[in-house]
Amino acid sequence: MRVPNLSYMPAGPNYRLVGQTTTHPRNHFTTSRVQQALIAIANQFAREFRGQPGYQTLEYNDISLVFGGLFDIFANWRTPHITHRIGRDVDFSNADELPSEMRRRLEEIIRRHGGDIYNEGNHWHVSF
């Protein structure tokens with residue numbers, strides 16, 4: 001299934017794109033609305049917390065592949081990344097590593113930009 005209107009998430013000063021593999025060296029395709037939200041979230045979070053103890057630049061991992069569709073994270077064309085198909089789901093790799101006050105505030109910022117947060121143990125899965 002080819003998803004129309006996905007574009008590659010640009011590099012930014014307040015977030016890092018992570019999780020690239022040799023199988024999928026470009027794993028950050030998204031819709032323009034989600035792209036704008038992710039940039040705004042990272043910029044606001046950095047404005048509020050950069051320089052404070054425990055601050056980390058946000059890490060965005062595994063949004064969608066170039067044409068959308070099944071994101072075969074293990075290069076075997078099977079799930080588990082079943083929701084990363086249409087450019088509206090992103091993993092925040094290091095959210096759980098932040099101090100509790102920063103995590104609480106990040107949750108507020110994400111929700112204000114239309115994101116729903118699912119804590120998956122070692123990262124946050126955010127759907128827009």
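**Close-up views of a predicted model**

**Figure 1. Contacts across the chain.** Of the contacts in the protein chain between residues at least 6 apart in sequence, 64% link residues at least 24 apart. The model shown here is predicted. Its protein chain holds two helices and seven strands, and from the N terminus these elements follow the order β-β-β-α-β-β-α-β-β. Of the 128 residues in the protein chain, 47% are buried. The chain exposes about 6,700 Å², with 51% of that supplied by carbon and sulfur atoms.

**Figure 2. Where helix α1 meets helix α2.** Here we look at α1 (residues 32-49) and α2 (residues 100-112), whose axes come within 10 Å and cross at roughly 145°. The crossing of α1 past α2 is right-handed. From α1, the residues in contact are I41, Q44, F45, E48 and F49; from α2, they are E101, M102, R105, L106, I109, I110 and R112. By type, the residues of this contact are seven nonpolar, four charged and one polar.

**Figure 3. Strand β7 and its two partners.** Strand β7 spans residues 124-127, and both of its faces are covered. W124 and V126 lie on one side, H125 and S127 on the other, and all of them are buried. Strand β5 (residues 89-92) runs antiparallel to β7 and is joined to it by four bridges; in this pairing, F92 stands opposite W124. Strand β6 (residues 116-119) is also antiparallel to β7, again with four bridges, and here Y118 faces H125.

**Figure 4. The β6-β7 turn.** Four residues separate β6 from β7 in this hairpin. Do look for G121 in the turn, which has a positive phi of about 95°.

Note on methods: Residues numbered from 1 in each chain as written. Predicted model: local features only at pLDDT ≥ 70, side-chain atom pairs only at ≥ 80, totals over all residues. Heavy atoms only, no water. Axes fitted to C-alpha atoms, helices over the stretch in contact; angles between N-to-C directions. Left-handed = near helix turned anticlockwise from the far one by under 90°. Contact = heavy atoms within 4.5 Å. Nonpolar A, V, L, I, M, F, W, Y, C, P; charged D, E, K, R; others polar. Buried < 20%, exposed > 50% of the residue type's maximum accessible area, 1.4 Å probe, protein only. Areas by Shrake-Rupley, 256 points an atom, 1.4 Å probe, with all protein chains shown as cover. Pairing = 2+ DSSP bridges.
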